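This briefing sets out selected features of a single protein chain, taken up by topic. Please read the points below alongside the sequence and the model.

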Amino acid sequence: MNLQEQVSRMQSMMGIISESLDVTDIDYDDVLFDYHKKQNLQYHSKNGNDKNLDDFKKHFIDEIKKYIVEDNKILLYRVIAVNDESQIRKPFGIYWSFKKEDSQVINWEEIDDPENLNVYRITALFDIKDIDLKSSFDLYLMNDFMESEIRIKKGVMPQDYFIEKI
């Protein structure tokens, strides 16, 4: 079975594993959380005066768990704009999304010649331990999963992947 077939099967299984992550897995500084409380959390969907760091960690982990597939793996997506598929470098980078529809965020304003580029989506299977939980949690506090952003540890390659032109 190739990865594309596995993806279809895995998508139907998302969220079935619930014990793979815990709030204690996120090492996050209270001082940094207090900064976010003052700067970013007033618009957050989980905002409230009674919310503490563990409340936000729990919401973050619960959301991530929805996308976990068998054997503590998570299916992630990344979009890259290059002239040709052969220009896609490995490792693929740290910027990923756990929602396919949110993976197409590209900062076109910073690309010199976008007319000649092709857009490719990488669908990849990572181990949960490959997620940079601290950076991902920081993004969650700033953006409330507006782009379903997840950061992968630098230099990590997925266990399996496929690339499609979109």
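Are Phe60 and Phe137 buried or exposed? In this predicted model, both Phe60 and Phe137 are buried.

**Overall fold**

- The chain contains four helices and six strands, and these elements follow one another along the sequence in the pattern α-α-α-β-β-β-β-α-β-β.
- Of the 166 residues in the chain, 43% are buried.

**Aromatic pair between helices H3 and H4**

- The structure holds nine aromatic pairs, and one of them joins Phe60 to Phe137 in an edge-to-face arrangement, with 5.4 Å from centre to centre and 75 degrees between the planes.
- Because Phe60 belongs to helix H3 and Phe137 to helix H4 (residues 133-143), this pair ties together parts that lie 77 residues apart in sequence.
- Phe60 and Phe137 are also members of a cluster, linked by ring pairs, that includes Tyr28 and Tyr140 as well.

**Aromatic pair between two loops**

- Tyr67 and Phe98 form another aromatic pair, which is tilted, with 4.6 Å from centre to centre and 45 degrees between the planes.
- This pair links distant parts of the chain, 31 residues apart, since Tyr67 sits in the loop between H3 and strand E1 (68-69), while Phe98 sits in the loop between strand E3 (95-97) and strand E4 (118-127).
- Tyr67 has a relative accessible area of 15% and is therefore buried, given that buried means under 20%.
- Phe98, at 1% relative accessibility, likewise counts as buried.

**Negative surface patch**

- Asp27, Asp29, Asp30, Asp34, Asp54 and Asp55 together form a negative surface patch.
- Helix H2 (30-39) and helix H3 (53-65) each supply at least two residues of this negative patch, and helix H3 is also the element in which Phe60 lies.
- Asp55, one of the residues of the patch, is placed in helix H3.
- With a relative accessibility of 34%, Asp55 counts as partly exposed, because this value falls between the limits of 20% for buried and 50% for exposed residues.

**Helix H3 in summary**

- Helix H3 thus carries Asp55, which is partly exposed, and also Phe60, which is buried.

Key
Residues are numbered from 1 along each chain as its sequence is written. This is a predicted model: local features need pLDDT of at least 70, side-chain atom pairs count only at pLDDT 80 or more; totals for chains, interfaces and linings use all residues. Side-chain values use heavy atoms; hydrogens and water are left out. Patches are made of residues with over 30% relative accessible area and no salt bridge: like charges are joined within 9 Å, nonpolar side chains (Val, Leu, Ile, Met, Phe, Trp, Tyr) within 5 Å. Accessible areas come from the Shrake-Rupley method with a 1.4 Å probe; for residues, only the protein chains shown count as cover. A salt bridge is a side-chain nitrogen of Lys or Arg within 4 Å of a carboxyl oxygen of Asp or Glu. Lys and Arg count as positive and Asp and Glu as negative; His and the chain ends are not counted. The place of a charge is taken as NZ of Lys, CZ of Arg, CG of Asp or CD of Glu. Buried means under 20% relative accessible area, exposed over 50%, partly exposed in between (1.4 Å probe, protein chains only). Rings of Phe, Tyr and Trp (its six-membered ring) pair if their centres lie within 6.5 Å; planes under 30 degrees apart count as stacked, over 60 as edge-to-face and the rest as tilted.
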